[in-house]
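Here's a quick briefing to read with the model open beside you.

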Amino acid sequence: MSYASDRAARRRLLILKLMIEDGGRANDGALLTALRAIGETLEMDRDACRRLMRELGERDCLTIGMERDTIMVAQITERGRMAARGDIEVGGIASPFEGL
């Protein structure tokens, strides 16, 4: 795996964890702000955040909708919660146990 794909997998995990902390629902702006606040600033803009959210949706870890055609809103699924806890492995999402 390349550094870029490792970073993307870690960011997908972070999004899931951030969503759990925030009650399971978040929009792209809130997630982008939270990712930047925890140091994920390299190549992290709204398009990158939305791409990660869509990729999580493709893995059935999020359901995604648009509000007012401008704000992407996601709801974490049970599969997403399980991946964030490390109960299941989902391709493209880092394990929460890596580095322990």
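This is a predicted model: local features need pLDDT of at least 70, side-chain atom pairs count only at pLDDT 80 or more; totals for chains, interfaces and linings use all residues.

Two strands count as paired if DSSP finds at least two bridges between them.

- Three strands make up an open sheet, in the order 1-3-2 with antiparallel pairing.
- Strand 1 (25-27) and strand 2 (62-67) sit at the edges with a single partner strand each, so one side of each has no neighbour in the sheet.
- On average, neighbouring strands here are turned by 25 degrees against each other, ignoring direction.
- Strands of a sheet, in general, pair through backbone hydrogen bonds.

**Helix 2 and what it packs on**
- Helix 2 lies across strand 1 and strand 3, and runs at about 85 degrees to strand 1.
- Helix 2 also packs against helix 3, at an angle of about 105 degrees and with the two axes 9 Å apart.
- Angles of 65 to 115 degrees count as roughly perpendicular, and helix 2 and helix 3 are therefore roughly perpendicular to each other.
- On the helix 2 side of this contact you'll find Asp28, Gly29, Leu31, Leu32 and Leu35, which meet Arg46, Cys49, Arg50 and Met53 in helix 3.
- Sorted by class, that contact has five nonpolar, one polar and three charged residues.

**The nonpolar core**
- The largest nonpolar core has 28 residues, and Leu16, Met19, Leu31, Leu62 and Ile93 have the most contacts inside it.
- Helix 1 (3-21), helix 2 (28-37), helix 3 (46-58), strand 3 (71-76) and helix 4 (78-85) each give two or more residues to this core.
- Helix 1 gives the most, with eight residues.
- Leaving out residues up to four places away in sequence, Leu16 touches Leu56, Cys61, Leu62, Ile76, Gly80, Ala83, Ala84 and Ile93.
- In soluble globular proteins, nonpolar side chains tend to be buried together.

**A closer look at Ala9**
- Ala9 lies in helix 1.
- Is Ala9 buried or exposed? Ala9 has a relative accessible area of 6%, so it counts as buried, the cut-off being under 20%.
- Gly92, Ile93 and Ala94 touch Ala9, again not counting residues up to four places away in sequence.
- Ala9 and Leu52 are 43 residues apart in sequence, and their C-alpha atoms are 9.0 Å apart in space.

Technical notes: Residues are numbered from 1 along each chain as its sequence is written. Side-chain values use heavy atoms; hydrogens and water are left out. A nonpolar core is a set of buried Ala, Val, Leu, Ile, Met, Phe, Trp, Tyr and Cys residues joined through side-chain atoms within 4.5 Å. Buried means under 20% relative accessible area, exposed over 50%, partly exposed in between (1.4 Å probe, protein chains only). Helices (H or I, at least four residues) and strands (E, at least two) are DSSP runs, numbered from the N terminus. Contact means heavy atoms within 4.5 Å. Axes are lines fitted to C-alpha atoms, for helices over the stretch in contact, and angles run from 0 to 180 degrees between N-to-C directions. Angles under 35 degrees count as roughly parallel, over 145 as roughly antiparallel, 65 to 115 as roughly perpendicular and the rest as oblique. Ala, Val, Leu, Ile, Met, Phe, Trp, Tyr, Cys and Pro count as nonpolar, Asp, Glu, Lys and Arg as charged, and the others, Gly among them, as polar.
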